[in-house]
Amino acid sequence: MSDPAQDRAHMAHALRLAARGLGNVWPNPAVGCVLVRDGVIVGRGWTQPGGRPHAEVRALEQAGPLAEGATAYVTLEPCAHHGQTPPCVNALIAAKVARVVTALTDPDPRVSGQGHFILRVAGIAVTEGVLETDATALNAGFLKRVTQRLPFVTLKLAASLDGRTATATGESRWITGPEARRKVHAMRLSHDAVMVGSGTALADDPDLTVRDMGAVRQPVRIVLDRSLKHSPESRLGRTAKDHPVWLLHGPNAPEPARKAWLATGATLLEISETNGHLDLQAALQALAQKGLTRILSEGGATVAAALVKAGLVDELALFSGGVLIGSEGHSSLGPLSLLKLGEAHRPVLREAAALGQDTLSRWAFTHS
């Protein structure tokens, strides 16, 4: 007989394992699996870098013959289709597990209930929907890409207490302290890509890699650069062969600039324009089509405002440094063209925490 409290506890464990794959497994979902037999954990697994092996396969390999008669806790419905690997439902059936507990049904039309159906036909008991809300939040990027053909976008802003990102002269290092900056690198690590606008790229010559966290899979580094003004001799250009760089440009980007960037090893994506600017909806659709599920947008104020106005931001991560700069400083957010307070965007506060002398608050955007 199943114990709902134990089911939730083991699923929470599987979700913690799944989180290890965030930023590492796109275009696949980040999945965790825990195998429990007679109250003892006999196998654990999570989706590996690049999307395979899958979590269930790793857990079954670890459990070996102890998987027979066990309960498998899986954060997403096991796959039922032949991709680059055989279906995970086949592996679970072959291992003779007695029961499978899942958090989410996979919305991918190649699966979407078929995994659960096949397991039940094979005589395996299936329990669905355990910690479904938590699992939905964890895999929001994968779910949005499958259902809306868009990636999940986290907008990161780092600003003073009065909402400024730099002094009037452009000095910004450092508004936030080392704890906050390390948290930013952890956020980069959990996203598939880091994105900036051409203004930020030109002003800061950023590297956009994850640093001081060991040997990790680096995120894709994206620049929204309509005219390809950013130099191939920049830090991004010089490291494009080592870690991926994608430039999203307009139809009229100069051919010499395109060739120069291609020579660095960068990927170029041509995006349609609207009123002299890149069409952000089309840009994000193109990125989703390339497999990206989670994007961290780091700047600057113009891109941030454009994403908010277009309704393309899912989460705001606001780092507030304990400093006051004044109105002459650079604003963290560009114009939103609001005339009435009732038109203001009102994200929902999800959490807030201290990071040294700074704070990080996370806000969720809801879109109708």
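What volume does the largest cavity have? In this predicted model, the volume of the largest cavity comes to about 60 Å³, and a search of the whole structure returns one cavity of 30 Å³ or more. The largest cavity is lined by 14 residues, of which Leu22, Asn28, Asn139, Thr293 and Arg294 are the closest to its centre.

The largest nonpolar core comprises 40 residues, among which Met11, Leu35, Leu92, Val97, Val100 and Leu119 touch the most other members. At least two residues of this core are supplied by each of α1 (4-19), β1 (32-37), α2 (55-63), β3 (71-74), α3 (88-94), β4 (99-102), α5 (132-138) and α6 (140-148), and the largest share, five residues, is that of α1. When neighbours within four places in sequence are left aside, the contacts of Val97 are Leu35, Leu60, Ala67, Gly69, Ala70, Leu92 and Ile124. A second core, separate and made up of 30 residues, includes Ala193, Ile271, Ala283 and Phe365.

Helix α7 (residues 178-189) has twelve residues and, at 1.5 Å a residue, should therefore span 16 Å, in agreement with the 17 Å that separates its end C-alpha atoms. Ala180, Val184, His185, Met187 and Arg188 are the buried residues of α7; because they cover an arc of only 160° around the axis, they lie on the same side of α7. Such an arrangement can be set beside the geometry of the α-helix, in which there are 3.6 residues a turn, so that residues three or four places apart point the same way.

Terms used: Residues are numbered from 1 along each chain as its sequence is written. This is a predicted model: local features need pLDDT of at least 70, side-chain atom pairs count only at pLDDT 80 or more; totals for chains, interfaces and linings use all residues. Side-chain values use heavy atoms; hydrogens and water are left out. Helices (H or I, at least four residues) and strands (E, at least two) are DSSP runs, numbered from the N terminus. The expected span of a helix is 1.5 Å times one less than its number of residues. Buried means under 20% relative accessible area, exposed over 50%, partly exposed in between (1.4 Å probe, protein chains only). The arc is that of the directions from the helix axis to the C-beta atoms. A nonpolar core is a set of buried Ala, Val, Leu, Ile, Met, Phe, Trp, Tyr and Cys residues joined through side-chain atoms within 4.5 Å. Contact means heavy atoms within 4.5 Å. On a 1 Å grid over the protein atoms alone, a cavity is a set of points where a 1.4 Å probe fits but cannot get out, and a pocket is an open set with protein on both sides within 12 Å along at least five of seven lines; lining residues have an atom within 4 Å of a point. Grid points are joined across faces, edges and corners, and a volume is the space filled by probe spheres set on the points.
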